[in-house]
Amino acid sequence: MSLVLNDLPKFPSMPILEETPDMIYQRWVNRAITLANERGLPPPPVGEGEYFYDLWYPIAQEIAEQQELWGYGVLQSTPIWADDEYLDAHGWADGMVRKDGESNDDYRLRILDRAFTEEGSGREKDYESWAKEIQGVGAAVAREKERHDNSIDLYLTDMNGQPITLEFAEQVKVLMWDEYRIAGHDLAVHPAPVFIVTVKATLETTEDLLQLAETIRQRVVTYANGRSELLYNYIAALLLVPGVENYSSFTLNDDVQDVDIPPVSLLQVEVILS
C-alpha cells in the first residue's frame, strides 16, 4: 500500500515557538513582580512608555521573531514537512532527485515511500519505486507472475495521471531492462488502465460545492488506497464533511451498490455534487 498525504504526521503544536511579544513580555513582568515581592520592594512600572517596557519589550519582539525562525527550521528539517529547495536537499541526500514538474507532495511521498520499503529484493514494490524515478512516470502498479513465474508487469501513468503511451512504455522497458531489472525477470511495461469511480449526490449545505467536492474526493481517494472494493455505505459516510447537514440521491458509478476495483488499475475519483 502506497503512502498518501493523510498518512503523514501533522506538524505538532509547539507553544514555546509560538509566543507573541506580549506573551513573552508578560512572563518577564510576572517574574519582575514576584522578585520585587520577595525583596519587599514595590513592583516596577511596566506599562507602555515606562523604562522597564522600553528596555524589555523590544527584546521580547526579537525573541518572538527568533522563535518563528526556529519553528521554520524544525519544519524544514525533515522531508515529512519540508518544501522546495529544502525538500530537494533531503531527496538528494537519499539519492532521489526531483523529476521535472514533480510537485512537493508527489516528491515527498516518493521519498517517504521508499524509506518504508526494503529495496533490493526485486519484488513488486521495488519495481514500482524504480519506475517512479524515471522522468515522465507518475504512478506505477507492479504485478508478479501474471504471465508466468518469472514475469513482472508494470502499469504506469504519466505525471498528469493519464495512461502513458505505448511508445513511452517501450522506452521505460528498455531503460529499466538495462538499469534496474533483476536478472531472470521477464519485465513488461504497459499503459495503466485507469478506473474511474464517479460519486454523485445532492447535499444539504450552504458551503461552496466545488470546495466540498474536492474535500470529498480526497477522502474517497484516501479510503480507496490499497483496496479492491469500495463499499457504498462507507462512501456515503464520507459525504458528511463539516458544513453538510445531509445528502440524498447518492450513487456510486450511477448505482447504489459496492464497486469492485480491477486489480491492476489506477483509480481516479470524480465527485459531482448538486
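## A bridge between two strands

Let's start with one pair of residues in this predicted model. S151 has D186 as its bridge partner, and D186 sits in strand β3. Where does S151 belong? Strand β2 covers residues 151–156, and β2 pairs with β3 in the parallel sense over six bridges.

## The sheet around it

How many strands does the open sheet have? There are three, in the order β1-β2-β3, and the pairing is mixed. At the edges you'll find β1 (140–144) and β3 (186–191), each of which pairs on one side only. Going from one strand to the next, the twist averages 20°.

## A nonpolar patch on the surface

Over to another part of the chain. Which residues form a nonpolar patch on the surface? They are Y51, L55, W56 and I59, and together they have about 410 Å² of accessible area.

Y51 is located in helix α2, which spans residues 51–76. Is Y51 buried or exposed? Its relative accessible area is 67%, so Y51 counts as exposed, given that the cut-off for exposed is over 50%.

## The domains

Finally, here's the whole chain. Its domain assignment gives domain 1 (5–77), domain 2 (121–192) and domain 3 (194–273). How many Å separate the centres of domain 1 and domain 3? Taken over C-alpha atoms, those two centres are 46 Å apart.

Note on methods
Residues are numbered from 1 along each chain as its sequence is written. This is a predicted model: local features need pLDDT of at least 70, side-chain atom pairs count only at pLDDT 80 or more; totals for chains, interfaces and linings use all residues. Side-chain values use heavy atoms; hydrogens and water are left out. Patches are made of residues with over 30% relative accessible area and no salt bridge: like charges are joined within 9 Å, nonpolar side chains (Val, Leu, Ile, Met, Phe, Trp, Tyr) within 5 Å. Accessible areas come from the Shrake-Rupley method with a 1.4 Å probe; for residues, only the protein chains shown count as cover. A salt bridge is a side-chain nitrogen of Lys or Arg within 4 Å of a carboxyl oxygen of Asp or Glu. Helices (H or I, at least four residues) and strands (E, at least two) are DSSP runs, numbered from the N terminus. Buried means under 20% relative accessible area, exposed over 50%, partly exposed in between (1.4 Å probe, protein chains only). Domain bounds come from an automatic or database domain assignment. Two strands pair if DSSP finds at least two bridges between them. Axes are lines fitted to C-alpha atoms, for helices over the stretch in contact, and angles run from 0 to 180 degrees between N-to-C directions.
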